[in-house]
Amino acid sequence: TIHGGAIPGNLGGNVGEPLFRAHGVDDMLGVAGALYADSIGAEDVVIFATEVAGFQLAANAEEKAAEALGLNVLGRINAPPEQASYRAEAQRIFDLDPDAVLMQAGSVGPTNMIKAAAEPRLALNWIGETGWSEAEFIGSLGTDPIPTQEAIGFAAFAPNFDSPGWKFYEELWNNQEGCTEGVAECPPYDATTPYAFSGYDLLVHTALAIEKAQSYNVSDWVPAMYEVGSEPGEKCYLYADCLALLREGKDIDYDGATGPATYTETGVNAVTPSYTPFNDDGTKGDIVVLDPQKGLEILDIAKSEAQCDDDGVCTW
């Protein structure tokens, strides 16, 4: 699976549960938000999350990460998704007077919240989640509130800009035949959208694992996922090049658009945490790469874990 982020990181990566999270786990996305708040010198923060499993998981990690980084969490606000109004929550944030608001919510909730806060000209730093990278967020928010706020952006993860795999992918994305900006058949987001390049990477990785295993059986290709994405092996970056090496009988070490395809033993990919601001016109600003080593250290403190009984039933 590509989208297993809401499943704790101690599950997956094996034949029984062949989960491979291309974009890490939701815990890490929460950690990234706290990392960015810390990097800009925020001291007092509020955490807002809609009552959706993945967002709650990320918000839990964000809260633990903020505390581990020495940030003062003034409050945690949970609310139903897609309410008609978030004025009460916006007023509570106003009363708490934070330096930044860390948000784990989809497109409708946060945009209504930001609009509600902007009406009395409450200027805040809004740090959202990866889903804000999709066009629906700005489409719902509009551009009017952006210049009234200190900043609006989202914590996510960045591609490996130095990798030949990224450069190959970006060129392909930007030169899709028959695709004109604004046409319905065209993706409403650019090449840096995390879900796009990480999903592409995992599909390439899986195809190479199937080639290595010479089998579609999960018992064969799951072990091969680790073999084609880690040392030892000849480093390769493009699907065609890696495929040719495999067919020559060589071991490979795939390194793609996301970076090294180094999955943990429970199927969690190593990603580079980042933050992307929105410009006043609604376009994305330059990606800010956060400290990946610090992110891993904080993740170890903030991560959630599933508890499984003797029958293999897991809860979290």
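How many helices and how many strands are there in the chain? The chain holds 10 helices and 11 strands, where helices (H or I, at least four residues) and strands (E, at least two) are DSSP runs numbered from the N terminus. The radius of gyration, taken over C-alpha atoms, is 20 Å, close to the 20 Å that the globule rule gives for 316 residues, so the chain is as compact as a globular protein of that length; the rule itself is 2.2 Å times the number of residues to the power 0.38.

This is a predicted model, in which local features need pLDDT of at least 70 and side-chain atom pairs count only at pLDDT 80 or more, while totals for chains, interfaces and linings use all residues. Residues are numbered from 1 along each chain as its sequence is written, and side-chain values use heavy atoms, with hydrogens and water left out.

Along its principal axes the C-alpha trace spans about 65 × 55 × 35 Å. Buried residues (under 20% relative accessible area, with exposed over 50% and partly exposed in between, for a 1.4 Å probe and protein chains only) make up 49% of the 316 residues.

A search of the whole structure finds nine salt bridges, each a side-chain nitrogen of Lys or Arg within 4 Å of a carboxyl oxygen of Asp or Glu.

| Salt bridge | N to O distance |
|---|---|
| Asp 251 and Lys 212 | 3.0 Å |
| Asp 253 and Lys 235 | 3.1 Å |
| Lys 250 and Glu 248 | 3.4 Å |

The salt bridge of Asp 251 with Lys 212 links distant parts of the chain, with Asp 251 in the loop between helix H9 (239-247) and strand S7 (252-254) and Lys 212 in helix H7 (residues 194-213), 39 residues apart. Asp 251 is partly exposed at 44% relative accessible area, and Lys 212 is partly exposed at 30%.

In the salt bridge between Asp 253 and Lys 235, Asp 253 lies in strand S7 and Lys 235 in strand S6 (residues 234-236), so the pair ties together parts that are 18 residues apart in sequence. Asp 253 is buried at 5% relative accessibility, whereas Lys 235 is partly exposed at 35%. A network of salt bridges links Lys 235, Asp 253 and Asp 255.

In the remaining listed pair, Lys 250 is partly exposed at 37% and Glu 248 is exposed at 53%.
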